[in-house]
Amino acid sequence: MQLLSEKLNACLCTLNRNDSTYVGDITWLNDFCAEFLAFSNAMQKLIGQEMEQGVLDVVCLCLMQIVICIRHLESTIQTESTSKTRIQASHQHFIDRIMVCLRRMSDALDQSKNQEAAQQNSLEAVSFQSVLDSLLDALTDFMEPQQDKCRIGEQNMDIGAKHIKSDIDLLLGQALSFANVALQQDKKALSALCQKVMRDCSAFENECQSKTNYCHQKLRAMTLQHALHQLDDHINDALLRLVFTCFMDFQKISVDKIRNIMRTESDATIDEYIADFDVNLDRATQIGIFAIVYAPGLKIKTMVRSCLASFEYLDTSLIPSLQTNASDLHSELLEQHFKEEISKYKTALHEIIESRAFVACYLQILTTGIIASEKQFDKLHLDDLVHMGFIVLEHFQLEINQKDWLPHGRECFENFIRILRECKAILSCASQVQTERILKRFKILRTILRKFSSTISADENEPERNEKTVIEETTDEYTIEGISTDLICTQPSIILYETRKDRCNNIGNRPALKANAATLKSKPVGGVRRKQSLRTTMFKRHNCAQSNHSQNTISNQSASLEITGILDQLTCLSSTLTHNLTRK
């Protein structure tokens, strides 16, 4: 550990000695790569030893972020050589991020001796799904036969009931964090479901305190469990719908469009676009936090985290760089970085998302859109449906997702591509074509998509999807703020960089919830027994029936491969930088 600290300090010293003002000077970056490569080699040896999952997650995330920053520093220096201009802001942006990552790794390694602090570094430790599983397991104890309940002990049952209440608060706080960025129609349903969970939880708590009738207590526990399943099902469906919207908005609200708007439009229009851009980044973060839980391995999990960390830092620097000077080289370099992170983020999500659920969601959206267009024709809405179809097409461009196809899946997919292109073509000349003919093409698309969906094999652990749950609410108040004055949305998660938005002109455009961390404390949710629940999953499931020893072994091997991949990238970078230096 001492050797590791020395090499990490050497990396920091190399960055601190970066006082070169010569345009295109790459010597210092080559020196840093050499120091960082030595540190990474030492880190790889440590990975083979026992390391807490939270610490491992932070280390891998920081290593990947540093590699990304090195690549963009190299690009910055190359741009300087071409333009004969020093781009100090870009240098400072990526160097600051490297410094943060090195210090975070140092802190994480120091915390590795403290198991509780290490666990706090892991997002999965308090994820929505882990809290939900803990709740479902706890409620099962209250539905056991009465003789088993007596064996468990009345005192333990009382403690369990209190833990259930605290976990419910935490779960609903996370649900509200997601509801803050969900689509408008999903906000109403999530609000109603959260109210239902709160009412059922209060009824269950009161029944546990009265201790009058075991059957009543069991009934309340079953009712609360059913409400939790309903909330989970709707969040899964809302997540999929949000993925389509988020991916579309990455293109609709691009950095280049904001740059052009800043040159031609009024301040009010600019603020509106920036607010939409911010909201979409918040949506991408919420989706990513859910996706991390079901990532198939450390590599893809770290990739998602890295993209979220980049979004987190760019969120406070990208738009300000445009506002300072929309034609500045610094903003162009950050824009290129942002585009690359979006591409990696989308690829990672497509690898994690369960194919059959993704297609089923699009089929539902397409059907709803066709029905709405039959009542009132809306070309823009149909354009969005086609755009979503191409997002499905992107999903199956990955070879791993094509493995889910049953026989004849390839033929159905090719038919889907053909009719999707026909729909796009007929919309391009919609003013010259009857609306009935246009809608006919979309109905054919729906029929072919339904056939294609039947050729996708379901995950063996995925339960059958039930009909859409209808939520009946007697209350007319559906706003999230109206749920409770005590229940609070969780604070925005910090992925890596402790940054906060300083663009005050956009604060009023953001959905807001009261915050009070005291109501979110809960017992640890790790280590509970897991079972298959009735919920529908958005992400691919993986077999978790392994011993603890096997899990640790696989985790260490995955981490070693992850570090090896980073070392390979660093080796290539070092060679490239040395070659460039020699040429100079």
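Reply: **The core and its setting**

The secondary structure of the protein comprises 21 helices and zero strands; helices are DSSP runs of H or I with at least four residues and strands are runs of E with at least two, numbered from the N terminus. The model is predicted, so local features need pLDDT of at least 70 and side-chain atom pairs count only at pLDDT 80 or more, while totals for chains, interfaces and linings use all residues. Residues are numbered from 1 along each chain as its sequence is written, and side-chain values use heavy atoms, leaving out hydrogens and water.

Of the 584 residues, 52% count as buried, that is, under 20% relative accessible area with a 1.4 Å probe and protein chains only (exposed is over 50%, partly exposed in between).

The largest nonpolar core holds 162 residues. Such a core is a set of buried Ala, Val, Leu, Ile, Met, Phe, Trp, Tyr and Cys residues joined through side-chain atoms within 4.5 Å. The members that touch the most others are L102, L228, L231, F338, Y345, Y362 and F442. Helix α10 (residues 214-252) gives the most to this core, with 16 residues.

F442 illustrates the packing. Leaving aside residues up to four places away in sequence, F442 touches L366, I370, L382, L385, V386, C423 and L427, a contact being heavy atoms within 4.5 Å. Across the protein, 85% of the contacts with a separation of 6 or more join residues 24 or more positions apart.

Elsewhere, H330 lies in helix α15 (residues 329-352). H330 counts as buried because its relative accessibility is 10%.
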